[in-house]
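Subject: Structure handover

Hello,

Please find the sequence and the structure below. My notes on the pockets and the strand pairing follow.

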Amino acid sequence: MVSSTKVESGSGPIRLGMVGGGQGAFIGAVHRIAARMDNEFVLVAGALSSNAERAKDSAAELGLDPARSYASYAEMAKAEAARPDGIEAVAIVTPNNVHFPAAKAFLEAGINVICDKPLTATLAEAKKLAALVAKTGKVFVLTHNYTAYPMVRQAQEMVAKGMLGDIRVVQAEYPQDWLTEDLAATGQKQASWRSDPKQSGAGGALGDIGTHAYNLARFVSGLELDSLSADIDAFVPGRQLDDNAHVLLRFKAKGKAHTAKGMLWASQVAPGHENGLKLRVYGSKGGLEWVQADPNYLWFTPFGQPKQLLTRAGAGAMPSAARVSRVPSGHPEGYLEGFANIYAEAARAIRAARKKGGKLGKDVVFPTVQDGVEGVAFIEACVKSSKKNGAWTKL
């Protein structure tokens, strides 16, 4: 079964701006590809770098109108809000420390926000941003893209329908190896800002990939975290932020007497792992396993029965997975499509908000500012716990 991700028509493509994502950036290009995959967004403005010359050159490479290439996000928010054809949404793809002030500027200007994770550099900022989103009523989307993979949506629906029974164990891991050596010392841009507490915040690997693993575990299991015990390290000499984290998790479930337990491992010093995100969920009736490197497959094992391989758009595909599948079964979909699905959901939300009294369909799912608050709370709780020799810490 194949379902188109084409979003309902409105008054043309949604006008999009971007903060960050210029020359030398990685994630900005991913956002731009995702935004245009369904022809629902058109990039018309940008403050693509904190360096004015690089911002100008980056805008020229992308074919932006020079008059809409800005030297700062503050200038961009003010100017675009005053234009009759100003941007309707902005994608924030900067280092973490810029997320809060940039998002604040655009929300206060009446512009919807699509922001990379983690939400902010500190929990205090995250809470302030959540309050501002509530006050302005604007759409805020956090790009935890892995939640938009079809087989992750399938897993979430299976858990919600009770196919696994009461959830008992959740295991998430996200190992990489690209920071096994001191890459920041070479001046490599992506490594440098991620290793700098002033730009990254309190978490290194925790913020960069640990929040993805945590968000995925929460999304699929439907559980809330009660407390954690963390042991985090910076194995590379001189590194200021963690590059490896082992975390024990105690979940809580509304209306349930049992307490689920979990483990999370995030590492950027694990040779042999390029992007090893994996999730396992076990309940009283069965278990699930999903691996990001092979994302079109989901293993389901009902207790006492043979393992079943469920495939994207194949037999047994549930509505939640089918609606975000783009091509027939047997054709691989992955990272870029998952990102594009987040943008497609964002477009649906923005189009609904355009209409007075417009309602968003219950099947539209995307990470919110509250998911972002929980992610930053997770980082800070891990750091606090580890400093106390792994003491159990409530969020």
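The lining of the largest pocket is made up of 18 nonpolar, 17 polar and seven charged residues. Please bear in mind that this is a predicted model. The space in the largest pocket comes to about 910 Å³. Its lining has 42 residues, and those closest to the centre are Val93, Thr94, Pro95, Gln190 and Trp193. Five elements each supply at least two residues of this lining: strand E1 (14–20) and the helices H4 (96–108), H7 (189–194), H9 (205–221) and H11 (335–354).

The second largest pocket holds about 670 Å³ of space. It is lined by 34 residues, with Gln156, Arg218, Phe219, Gly222 and Leu223 the closest to its centre. Helix H6 (150–160), H9 and helix H12 (369–387) are the elements that give two or more residues to the lining of the second largest pocket. Which element gives the most to that lining? H9 does, with seven residues. By residue class, the lining of the second largest pocket divides into twelve nonpolar, eleven polar and eleven charged residues.

H9 therefore needs a note if you set up both sites, since a helix or strand here is a DSSP run: H9 is listed for the lining of the largest pocket and also for that of the second largest pocket.

Now the strands. Strand E6 (residues 167–175) runs antiparallel to strand E10 (residues 278–283), and six bridges join the two. Within this pairing, Val170 is set opposite Val281 of E10. E10 also pairs with strand E11 (residues 286–291), again in the antiparallel sense, over five bridges. There, Leu279 has Trp290 in E11 as its bridge partner.

Phe300 has Gln308 in E13 as its bridge partner. E12 and E13 form a hairpin too, with five residues between them. Which residue in that turn has a positive phi? Gly304 does, at about 80°.

Regards

Technical notes
Residues are numbered from 1 along each chain as its sequence is written. This is a predicted model: local features need pLDDT of at least 70, side-chain atom pairs count only at pLDDT 80 or more; totals for chains, interfaces and linings use all residues. Side-chain values use heavy atoms; hydrogens and water are left out. Two strands pair if DSSP finds at least two bridges between them. Helices (H or I, at least four residues) and strands (E, at least two) are DSSP runs, numbered from the N terminus. On a 1 Å grid over the protein atoms alone, a cavity is a set of points where a 1.4 Å probe fits but cannot get out, and a pocket is an open set with protein on both sides within 12 Å along at least five of seven lines; lining residues have an atom within 4 Å of a point. Grid points are joined across faces, edges and corners, and a volume is the space filled by probe spheres set on the points. Ala, Val, Leu, Ile, Met, Phe, Trp, Tyr, Cys and Pro count as nonpolar, Asp, Glu, Lys and Arg as charged, and the others, Gly among them, as polar.
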